[in-house]
Amino acid sequence: MTDLLGHVFMQHALAASVLSSVACGVIGTLVVVNRMSTLTGSIAHASFGGLGMAFALGLPPMYGALAVSLLSALGIGALTRGARGDSPDSAMAAFWATGMAAGLVFIRLSGSYAPDLMSWLFGSLLTVSRGDLVLAALLDILILVVVGGLFKELVAVSYDAEFSAIRGIRTGLVRGVFLSLAAVAIVMLMKMTGLIMVMALMTIPAAVVRLFTCGMKKMMILSSVIALALNLSGLWLAVLLDLPPGAVIILMAGVVYFGAFAYARRRDSAAGRAAQKSQ
Amino acid sequence: MTPAIEIRDLTAGYAAGQPVIEDISLVVPANGFMALIGPNGGGKTTLVKVILGLLNPWKGTVRVLGASPARASERVGYVPQMVPGYSFPVTALDVALMGRLGITPPFRRYTAQDRSVSLENLALLGVETLAGKPMDSLSGGQRQRVLIARALGTQPELLLLDEPVASVDQETQESFFNLLSELNGKLAIVLVTHDVGAVSSHVKSIACINRRLVSHGSTLPPEAVAEAYGCPFELVAHGVPHRVVGQAAGHEDGSND
């Protein structure tokens, strides 16, 4: 492993792990408390359409993905807004499938198989470039500045949008900002874990942390730490066993998720029994 | 003195041609304590939304604390039903602090004053010791008090509560209403409920609304429903505002359910 650290690709992979963990922890916490985990899967898959379009037009795929990811996040937000809006799950499903379909059609039209596309589907932590890292760092800064600045508004709108509106908060705007940040974070993670698995890395750390803690700030920090631990241990194991890192990281996340829930279930039922006894 | 709420010939709803409330007129004085009752779907929540400025009237005028609902909203405290329906990682103090939103602008943290006001309000409601506790871990009655503390964050002149006792036991209800009576010394209160028996001895007036225009029509005539609810005071039903009995004094118990 220490030999491997001498390689540039490995250093890049480690830096990418750190940078993506920050986005995971901060945005993942907001996604989880808003019960919008499926949203991340929907946006990620929808942006496949953007990737396909970028390939067909010979543009950088990152920009295609980012544009469509932002559009679908805001589109889902607009469609589900208000009492007369569509239900979130059908809006998410529609964007999910339409994006995938558009991507396939674009790839067919571009007349090539586009092997590069596979790295977007399944991630390529070991081929992250310096440019990707710079972009990821900038996105992290953006996320931290905006979430830091609007922290109390984001928490309040997530908790009780109606009350926030009465207190003069522009809830539609706050929600739009949150969705845009989620879209940005998803594209950043997609490059590393792949669009198929981004949902897991985004939501599992926060969902696990939620079982053991209260408080949004604490959740964001601890989720980042867990995401980083998953990224690093998954990467290490993948290199050791010569397996795809994205998949190994997600498998580890899955194990942690099920393990944490099993533990919390036992803890809660033990607490329940203790409470019954003491009565 | 400017009335807390002044509504004249109000009609409002969500879908065009289907008013949920129609031709409603009522006044809540500055020191008023009014219960707003009526069956489910009768328009209680819709009326609350209009008063809060979340829904615009189709017809008629609404003045809240002498201003338009949107302008008055800073001086109105709102206590919703239990929010949200699932566990959310905030403490009681976090929730109380939300009452200070709009006072401290975006891109600024809650100030020391925000904190002291929120803690004072939690203390006023007797739940200051729970400030650091997760909302999830509180009982229904305790959570209710935290939500009222949040509503008091802007030092409102009108407090609006939507079905506040839906999920608390009888004993808690009683101390809860005593608490509201105390608060009523300083501000006007409107309480939405469908349990008229529980509130009738505490409030100064009761308004019953039942105006629904559902596409399938209703089996009971609204007058009969209103009567079933027993509204001895300001009865506003089925588009015809009519006062059955005047304000307060010598009211009979309205609970015949």
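## A nonpolar surface patch on chain A

A nonpolar patch on the surface is formed by Val134(A), Leu138(A), Ile141(A) and Val145(A), which together have about 370 Å² of accessible area. Patches are made of residues with over 30% relative accessible area and no salt bridge, where like charges are joined within 9 Å and nonpolar side chains (Val, Leu, Ile, Met, Phe, Trp, Tyr) within 5 Å. Accessible areas come from the Shrake-Rupley method with a 1.4 Å probe, and for residues only the protein chains shown count as cover. Val145(A) belongs to helix H6 (residues 130-149) of chain A; helices (H or I, at least four residues) and strands (E, at least two) are DSSP runs, numbered from the N terminus. Val145(A) counts as exposed because its relative accessibility is 52%; exposed means over 50% relative accessible area, buried under 20%, and partly exposed in between (1.4 Å probe, protein chains only).

## Basis of the model

The model is predicted: local features need pLDDT of at least 70, side-chain atom pairs count only at pLDDT 80 or more, and totals for chains, interfaces and linings use all residues. Residues are numbered from 1 along each chain as its sequence is written, chains are lettered from A and ligands numbered from 1 in the order in which they are written, and side-chain values use heavy atoms, with hydrogens and water left out.

## Chain B overall

Chain B contains 8 helices and 10 strands. Of its 257 residues, 53% are buried. The accessible surface of chain B is about 11200 Å², and carbon and sulfur atoms contribute 51% of this. Among contacts in chain B with a separation of 6 or more, 69% join residues 24 or more positions apart; contact means heavy atoms within 4.5 Å.

## The nonpolar core

The largest nonpolar core has 154 residues, and those with the most contacts inside it are Val147(A), Ile148(B), Leu158(B), Leu159(B) and Leu180(B). Helix H9 (residues 171-193) of chain A supplies the largest share of this core, 14 residues. Such a core is a set of buried Ala, Val, Leu, Ile, Met, Phe, Trp, Tyr and Cys residues joined through side-chain atoms within 4.5 Å.

Leaving aside residues up to four places away in sequence, Leu158(B) touches several residues, including Ala4(B), Ile51(B), Arg75(B) and Val190(B).

## Buried serine and glycine residues

Ser118(B) lies in helix H4 (residues 112-124) of chain B and is buried, with a relative accessible area of 1%. Beyond residues up to four places away in sequence, Ser118(B) touches Leu93(B), Ala96(B), Leu97(B) and Arg100(B). In chain A, Ser47(A) is part of helix H2 (residues 37-57) and counts as buried because its relative accessibility is 0%. Its contacts, apart from neighbours within four places in sequence, are Ala65(A), Val68(A), Ser69(A) and Met190(A).

Gly32(B) sits in the loop between strand S2 (19-28) and strand S3 (33-37) of chain B. Gly32(B) counts as buried because its relative accessibility is 4%. Not counting residues up to four places away in sequence, Gly32(B) touches Asn184(B), Leu187(B), Ala188(B), Ile189(B) and Lys204(B).

## Contact between the chains

The contact involves 35 residues of chain B and 26 residues of chain A. The area buried between chain B and chain A is about 2700 Å², with 66% given by carbon and sulfur atoms; buried area is the accessible area (1.4 Å probe) that two parts lose on being put together, summed over both.

Between chain B and chain A there are 2 salt bridges, each defined as a side-chain nitrogen of Lys or Arg within 4 Å of a carboxyl oxygen of Asp or Glu. The side chains of Arg150(B) and Asp160(A) form a salt bridge at 2.8 Å, N to O.
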